[in-house]
Amino acid sequence: VKLNRSLEKSLFQRGFREPEVRAMIRCQFYLAVISTALVLGLARNEWALGFLAGTSLGTLNFLALARVIQEFVHARHGGLTALLVSFYGRLVLAGGLLFALIVWARIPVTGLLSGLSTVVISIFLWGGIHFVYGKNVKEA
């Protein structure tokens, strides 16, 4: 509970004003930390390093997307250009990092993809929680 409050406060101070955005980020944060700790606890090899890299890259990309989407929802004019620039900027950066990790660092692709999939899993978990508890989710 104390960690949850601390994370909530930290996210709010960093500009994540929407409660549902913070809830999604918290879900991703917890899933990334727990799954990475489990993987690193069970195996200390290149695959685990790939999982760590994929989870880190996915979480950072998710944070950037959450910030831009939050601002886009509240923007009155000109938000589409900023959204597109942000999207393509993140795409190029993530693609470059994935290329470097796969080609130069020889990190296993399956580890990277498994780590990146934590973002998708956290979105499903967040949506499932809302479905079970009857909250109306229009966007996610």
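Read along the sequence, the protein follows the pattern α-α-α-α-α. In this predicted model, the secondary structure amounts to 5 helices and 0 strands. The C-alpha trace spans about 45 × 40 × 25 Å along its principal axes.

The packing of two of these elements was examined in detail. Two packed helices are described by the angle between their axes and the distance between the axes. For helix α4 (residues 79-104) and helix α5 (residues 109-132), the packing angle is about 150 degrees, and the axes lie 10 Å apart. Angles over 145 degrees count as roughly antiparallel, and α4 and α5 are therefore assigned a roughly antiparallel arrangement. On the α4 side, the contact comprises L98, L101 and I102, which meet V109, L112 and L116 of α5. Classified by residue type, this contact of α4 with α5 contains 6 nonpolar residues, with no polar and no charged residues.

Helix α4 also contributes to a feature of the protein surface. A nonpolar patch is formed there by F72, L80, L84, F87, Y88 and L91, whose accessible area together is about 580 Å². The greatest contribution to this patch comes from α4, which supplies 5 residues. One of the patch residues, L91, is located in helix α4.

Charged interactions were considered next. Side chains of opposite charge can pair when their charged atoms come close. A search of the whole structure identifies 2 salt bridges.

Notes. Residues numbered from 1 in each chain as written. Predicted model: local features only at pLDDT ≥ 70, side-chain atom pairs only at ≥ 80, totals over all residues. Heavy atoms only, no water. Axes fitted to C-alpha atoms, helices over the stretch in contact; angles between N-to-C directions. Helix = DSSP H or I, 4+ residues; strand = E, 2+ residues; numbered from the N terminus. Parallel < 35°, antiparallel > 145°, perpendicular 65-115°, else oblique. Contact = heavy atoms within 4.5 Å. Nonpolar A, V, L, I, M, F, W, Y, C, P; charged D, E, K, R; others polar. Patch = residues over 30% accessible without salt bridge, like charges linked within 9 Å, V, L, I, M, F, W, Y side chains within 5 Å. Areas by Shrake-Rupley, 256 points an atom, 1.4 Å probe, with all protein chains shown as cover. Salt bridge = Lys/Arg side-chain N within 4 Å of Asp/Glu carboxyl O.
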